Amino acid sequence: MGSYPDEFPFGIMEVVELLHLRVRRQQANSVYVDCPFCGDRRGRMNVNFVKNVWRCNHCDEHGGMLALYAKLNHTTTSDAYWEIAEALCDNTHEEHARSGNEAQQQPVSTGSPSSGARAAAAGYSSSERKTVPQSDKASPAEIHQTLSLLLAQLTLRLAHREHLRSPKRGLSDEQIESLGFKSTPPPFLCRSITDRLIKQGCRVQGVPGFYRDDSGHWTMAFYKKTSGILIPAIGFDGRLQGFQIMLDVPLKHKDDPPEKPGAKYIWFSSSSKTDGTGSGSPVHLIGDPSARVVYVIEGLLKADISHCLTGRTFAAIAGANNTSPLDPLFALLAQNGTEEIIEAHDMDKYNNQMTMAGASKIYLTARKYGMNCRRLTWNPNYKGFDDWQLALRRENQRRKEIDRLSFKAQYLRGLCELAHIEDCIELWQHLAENKTCLTEYLGLTREEHETFLRQGRDALGALLEPQRRKQRFVLYQLELDEQKAIPFAFKELAALQKAGYEQPPAAMYRMAGSGEVYCPVEQSDAEILKRLFADCREELPEGCHGRPMALSDVVELDHSPRRIYYYVNGEHEFPQVKFSPMLAKKDIKEGT
């Protein structure tokens with residue numbers, strides 16, 4: 001059987017260079033590179049050159065340095081060792097040449113740096129890759145005390161408060177205060193604030209975000225480019241574990257393409273600093289820790305807003321695939337009486353395989369501790385659970401806009417009966433400052449109004465009926481799979497074409513229902529579709545059993561004998577497409 005030395009003659013950074021992996025940034029003991037497995041180009045794969053291991057925070061692929069080479073080259077770890085050695089080391093002996101034998105398992109890395117390997121790897125020299133001394137993490141009680149007193153010394157800037165109170169976030173001042181949101185301090189105050197904490201008896205060594213500067217003084221890792229809102233991460237025991245920062249300006253690398261979004265959230269951490277400490281990725285729990293049902297959601301701020309809107313208990317993780325911290329939390333929840341876990345990741349879990357994979361891990365972890373688990377699906381017009389709940393608040397505003405339509409506009413659209421004209425007249429009479437004549441208020445022509453006054457409602461109806469028509473429509477929606485993501489689900493037509501389809505693949509769709517709407521005879525298809533979307537984006541008409549209308553749906557308008565098909569590309573965009581309804585599934589199931 002083949003074998004290889006206990007001490008590797010190379011390190012993982014040499015493997016990174018050999019595989020031409022792009023290094024994005026360096027930490028104290030590791031670097032972040034673009035992941036070659038999921039194709040993510042945001043530098044989400046962490047390569048630890050002390051432990052010689054790697055893990056992608058996006059797709060969760062992980063392993064040792066031989067596994068990195070072996071997986072990419074579809075070979076064994078034994079063959080990987082000799083191929084790497086032959087490529088990197090000058091003193092590889094003839095007897096070490098590959099013999100075709102395979103090792104049964106990968107050796108445990110000693111963490112020793114490469115001695116016979118190249119001096120430079122992936123753009124970093126051996127001297128540049130010297131490890132930075134790190135502090136052991138302080139106890140949970142010490143971390144809670146220090147971070148709590150830090151919050152007490154900070155304020156929330158007006159611009160940040162207005163953002164949290166905006167319709168996008170929907171929080172009240174009382175909720176903002178109770179959640180503990182504060183603005184990051186300016187960098188020039190970091191050292192003096194740290195000194196005050198030490199004088200108050202706080203331990204800063206081992207607390208995430210604190211470190212020693214070049215002069216040996218303790219300070220904090222707050223910088224101008226990472227300014228934003230501090231979001232506390234609270235543990236199962238109610239203690240403060242760390243902070244996320246919602247950045248004012250997303251972080252982007254200088255060589256990133258313009259269309260690439262930057263990082264919006266980062267942890268308050270000092271893992272790359274002398275005597276610093278990493279934040280880890282703690283789970284944030286908000287609500288009753290003894291709740292029978294607990295929701296798992298991606299994002300700390302999303303969890304806070306969702307709790308404030310619903311009163312339910314939420315556990316927040318910092319990334320859809322960052323599910324390993326849930327294991328100890330689920331063990332505690334199960335002991336505390338929780339019976340059901342509800343996965344509430346964003347709706348992109350249906351078009352992003354990595355998000356879907358992370359959601360599946362939540363199921364497995366919940367079942368490990370004897371808890372039921374189910375997936376929560378909502379109106380796909382809203383990406384996040386919090387967005388959906390905030391939209392339900394805004395629905396009342398849309399109803400008010402419909403009520404402001406004139407009687408005639410409502411009648412031609414089938415929104416009221418003829419008898420509604422009496423209610424409109426009574427309302428007009430009670431208007432305090434009525435500067436609009438009744439004819440204009442009702443939306444009628446002079447002839448229509450006079451006919452109503454002389455001959456009554458039925459005569460008016462005879463004039464209005466020819467001005468409207470019935471439009472039949474059929475709605476087709478993608479049949480979702482909880483195991484396999486559809487890359488264009490709830491996305492625009494460009495995503496469908498990027499996925500390799502010229503037209504919507506009818507075989508992947510199911511007929512969600514059909515109906516009829518009244519509309520003015522002169523109304524165009526585009527205007528009808530806008531109205532259908534506005535009416536159906538919250539719920540479908542009675543008799544339809546699909547989801548609310550959203551991106552990627554296909555709408556059929558029946559202009560007998562011709563039928564025209566449109567792709568829902570947004571609330572105002574409905575490009576015409578080719579669609580074969582015979583290929584779509586016809587059996588409409590309740591609740592699909």
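Asp 348 is buried (under 20% relative accessible area, with exposed meaning over 50% and partly exposed in between, for a 1.4 Å probe and protein chains only) yet forms no salt bridge, the nearest side chain of opposite charge being that of Lys 383, 4.2 Å away. A salt bridge is taken here as a side-chain nitrogen of Lys or Arg within 4 Å of a carboxyl oxygen of Asp or Glu, and in assigning charge Lys and Arg count as positive and Asp and Glu as negative, while His and the chain ends are not counted. The model is predicted, so that local features need pLDDT of at least 70 and side-chain atom pairs count only at pLDDT 80 or more, whereas totals for chains, interfaces and linings use all residues. Residues are numbered from 1 along each chain as its sequence is written, and side-chain values use heavy atoms, with hydrogens and water left out.

Asp 348 is placed in the loop between β17 (340–343) and α10 (353–368), helices (H or I, at least four residues) and strands (E, at least two) being DSSP runs numbered from the N terminus. Not counting residues up to four places away in sequence, Asp 348 touches Thr 355 and Lys 383, contact meaning heavy atoms within 4.5 Å.

Gly 276, in the loop between β13 (263–267) and β14 (284–286), is likewise buried, with a relative accessible area of 0%. Its C-alpha atom is separated by 4.3 Å from that of Tyr 211, 65 residues apart along the chain. Beyond neighbours within four places in sequence, the contacts of Gly 276 include Pro 133, Phe 210 and Ser 270.

Zero disulfides are found in the whole structure, a disulfide being a pair of cysteine sulfur atoms within 2.5 Å. The sulfur of Cys 59 lies 3.6 Å from the closest cysteine sulfur, in Cys 56, which is too far for a bond.
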